[in-house]
Amino acid sequence: MSKTKRHTLTAALPYTNGPIHIGHLAGVYIPADIYARYLRNKKCDVIFICGSDEHGVAISIKARNEGITPKQVIDKYDKMIRDSFNEFGISFDNYSRTSAKIHHETAQEFFRDLHAKNIFIEKTSDQLYDEEAQQFLADRFVTGTCPICKNIEAYGDQCESCGSSLNTSDLINPKSTLSGSFPIKKRTKHWYLPLNHYEKFIKEWILDGHKKDWKTNVYGQVKSWVENGLQPRAVTRDLDWGIPVPIDNNNGKVLYVWFDAPIGYISSTKEWAKKKGVDWKPYWEDIDTELIHFIGKDNIVFHCIIFPSMLKASDRYILPKNVPANEFLNLEGNKISTSKNWAVWLHEYLVDFPEKQDVLRYVLTANAPESKDNDFTWKDFQARNNNELVAIYGNFINRVVVLTHKYFNGKTPKPNNFTSEDNEVIDSIVCSQNKISDSIERFKFREALKELIALARLGNKYLADREPWKLIKEKPERVCTILYVCLQVSGHLAYLSEPFLPFSSKKLLKMLNLKVADWNNIKGK
């Protein structure tokens, strides 16, 4: 772990047009939470920031389809998302909303800053316009045929069939989703961020500077984008839902959601700092701060090219040290789809599995899509719960606690002479902690969890091989040492589990009468 003074961790802002599912947890929020909890246990200065992403076309469409206002849509799903995060122990230091006043002010200030520095390009161009609805058509207000794969249901911003990033003008036979009519082209002015001006910066910063320490999937996607050539990207849109462009006579234009959303990390930090009565600036402006973005692979271009270019243009903020993006999680062999309701929704999971948050956290971490798309199956869920969490981790703790109560009235016995086998197990505690720490700091959370279970497996084997229940009458002093060793392993499992299994860790700490872990002081004996 680097000796930075502080750490700013961000998790991708969930879009408030629907609830959270297991793919979101596995891809972004559990890895981020593990890292945040680990840093806190190391007594680091850390803030873990997130919030609801509440602007954009998809919310406007959902509001129209349901006959309600965009505000009603975001209020409904913001609450649902917050509740899910709380129930699964995602330990944000601040969870904000991009509809909040502080975010509107921060995003507009950011735009004004770049505008004053003449960063933007002002360009008038032909855009699709729905004469019946009397509205310009952005992104998902348009469907048509994808020019790449010929999918006839491509959106104006992306083809979900081939994954290509598109513009509305790219679509063949575009049609308005508002009226069903064929749009005309009409001239309108927008402001663009000239990403092409930042190609050299991206190449030097990422392609030259982070080839060895960033994940290959992240590095590869950035390299592909840069090699294809970066193009200016609009930062404003003709919409009635969003943050007004802070310029006189803006003709109803708003900030494009991709521009305002990442600024939500900064505004959420400001909100947190205001509540705490501290200065927010060191967490975003001090070079001694380590900034990490946790995202899914669909957000790589925004967090590794676009947002860093915005930060660079502002010349006020630090850049991320790492962006450990995960791949996607599939469900029973098929892609998770919100439109087809093919997902495991978190609020529904807890109805079927009450108080089993740690089981899902464990399975999603053990099977995390860290380097490639992975598959969640209920058969694997059951097997990992029964064969690992229960049979190894839970069984060991339970046997140790039962034997300690049975032989020593629930008190830790005083050990006697340690054998080489005893010392080997004790030494394994510190060794396991070091391996877990190393894996977490390299964002290898599956590897770290595997090491945790290996320690529980070692404890199980040690207890089974020593068989203290056979020695209690003839060699009670030996049983004292055996149970002492087992209690040491149990206690440290409770400590080391906290980032991964916070609910179980809390119960174990209480059961063993231990205080909250300080990873800096974990010792064997």
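These legends describe close-up views of one predicted model. Local features need pLDDT of at least 70, side-chain atom pairs count only at pLDDT 80 or more, and totals for chains, interfaces and linings use all residues. Residues are numbered from 1 along each chain as its sequence is written, and side-chain values use heavy atoms, with hydrogens and water left out.

**View 1. Strand β1 and its two partners.** Strand β1 covers residues 6-11. Strands (E, at least two residues) and helices (H or I, at least four) are DSSP runs, numbered from the N terminus. β1 is mostly covered, with 6 of its 6 residues buried. Buried means under 20% relative accessible area, exposed means over 50%, and partly exposed is in between (1.4 Å probe, protein chains only). R6, T8 and T10 point one way from β1, while H7, L9 and A11 point the other way. Two strands pair if DSSP finds at least two bridges between them. β1 runs parallel to strand β13 (residues 289-294), joined by 6 bridges. The bridge partner of H7 in β13 is E290. β1 also runs parallel to β2, through 4 bridges. Here T10 has I49 of β2 as its bridge partner.

**View 2. Strand β3 beside β2.** β2 and β3 run parallel and are joined by 4 bridges. Look for S52, which stands opposite R97 in β3. Strand β3 spans residues 94-97. N94 and S96 point one way from β3, Y95 and R97 point the other way, and all are buried.

**View 3. H55 in a loop.** H55 sits in the loop between β2 (46-52) and α2 (57-66). Is H55 buried or exposed? H55 has a relative accessible area of 3%, so it is buried. Its contacts include Y15, T98, S99, H104 and W241. G242, I243, V257 and D260 are also among the residues that H55 touches, not counting residues up to four places away in sequence. Contact means heavy atoms within 4.5 Å. H55 and N17 are 38 residues apart along the chain, and their C-alpha atoms are separated by 9.7 Å.

**View 4. Two nonpolar cores.** A nonpolar core is a set of buried Ala, Val, Leu, Ile, Met, Phe, Trp, Tyr and Cys residues joined through side-chain atoms within 4.5 Å. The largest core has 143 residues. I22, Y29, F259, L360, F376 and I440 touch the most other members. Y29 touches residues including A11, A12, L13, P14 and H24, not counting residues up to four places away in sequence. C50, F85, I90 and F92 are also among the residues in contact with Y29. A second, separate core has 14 residues, including L128, A154, L171 and V254. In soluble globular proteins, nonpolar side chains tend to be buried together.

View 5. Strand β6 (residues 142-145) runs antiparallel to β8, through 3 bridges. T143 has K175 of β8 as its bridge partner. The other sheet has the order β15-β14-β16, with mixed pairing. β15 (334-335) and β16 (374-376) are its edge strands, each with a single partner strand, so one side of each is left without a neighbour in the sheet. Strand β14 (residues 329-331) and β15 run antiparallel, joined by 2 bridges. L331 stands opposite N334 in β15.

**View 6. Helices α12 and α16 in contact.** The axes of α12 (residues 378-408) and α16 (residues 502-511) come within 12 Å and cross at roughly 10 degrees. Axes are lines fitted to C-alpha atoms, for helices over the stretch in contact, and angles run from 0 to 180 degrees between N-to-C directions. That makes α12 roughly parallel to α16. Angles under 35 degrees count as roughly parallel, over 145 as roughly antiparallel, 65 to 115 as roughly perpendicular and the rest as oblique. Y393, I397 and V401 of α12 meet S504, L508 and M511 of α16.

**View 7. Positive phi in two loops.** Most residues other than glycine have a negative phi. N118 has a positive phi, near 60 degrees. N118 lies in the loop between α4 (101-116) and β4 (121-130), and is exposed, with a relative accessible area of 67%. E467 has a positive phi of about 45 degrees. E467 lies in the loop between α14 (445-466) and α15 (476-497), and counts as partly exposed at 27% relative accessibility.
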